[in-house]
Amino acid sequence: GGNRNNSSIRTLFQSRPSNSIFLCPGGIRQALKQSTKYAILCWMQLDTFLRHTNHNSELDQYCAMEAMRCLSAMGRLVSLISIVYAHHENVQLNHASLLLIIQDVILGEIAKMNAGKSKELKMS
């Protein structure tokens, strides 16, 4: 099992260099940043929706289910790009360089959200 998976992954990367998998300036590192950014933005927006929906109607329940599916898909996308990044950089998935990229994006987006809320509070 495990060797076959590693062999398949190596074949994939040899046939497609990881910087060309994503048409993103900055290569795989920027692809990881962008996918993490959109995942966290999606999470923040859908979290608000999920918390403010009563889930009583069939439509509300359907929308909540689809929101959760979207969040799950975004998480899987970030995970897959993280795997590609780790392979490209020849590091483990728990390597600081990978984790810091994701942490920096998440903290940056949370700071932007908090700054936006502060402006809203000052205006009201």
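**Close-up views of a predicted model**

**View 1. A nonpolar surface patch formed by Leu59, Tyr62 and Met65 covers about 340 Å².** Patches consist of residues with over 30% relative accessible area and no salt bridge, with nonpolar side chains (Val, Leu, Ile, Met, Phe, Trp, Tyr) joined within 5 Å and like charges within 9 Å. A salt bridge is a side-chain nitrogen of Lys or Arg within 4 Å of a carboxyl oxygen of Asp or Glu. Areas come from the Shrake-Rupley method with a 1.4 Å probe, and for residues only the protein chains shown count as cover. Tyr62 belongs to helix H4; helices are DSSP runs (H or I, at least four residues), numbered from the N terminus. With a relative accessible area of 48%, Tyr62 is partly exposed, a class between buried (under 20%) and exposed (over 50%).

The model is predicted: local features need pLDDT of at least 70, side-chain atom pairs count only at pLDDT 80 or more, and totals for chains, interfaces and linings use all residues. Residues are numbered from 1 along each chain as its sequence is written, and side-chain values use heavy atoms, without hydrogens and water.

**View 2. The largest nonpolar core has 20 residues.** Such a core is a set of buried Ala, Val, Leu, Ile, Met, Phe, Trp, Tyr and Cys residues joined through side-chain atoms within 4.5 Å. Ile28, Leu32, Tyr85 and Leu98 have the most contacts inside it. Helices H3 (27-51), H4 (58-89) and H5 (96-123) each give two or more residues, and H4 supplies the largest share, nine.

**View 3. Ser35 of helix H3 is buried, at 7% relative accessible area.** Beyond its neighbours within four places in sequence, Ser35 is in contact with Met74, Leu77, Val78 and Ile81 (contact: heavy atoms within 4.5 Å). The Ser35 side chain reaches the backbone oxygen of Leu32 at 3.1 Å.

Definitions and conventions:
Buried means under 20% relative accessible area, exposed over 50%, partly exposed in between (1.4 Å probe, protein chains only). A polar contact is a pair of N or O atoms within 3.5 Å; within protein, one must be able to donate a hydrogen and the other to accept it, and residues adjacent in sequence count only if both atoms are side-chain atoms.
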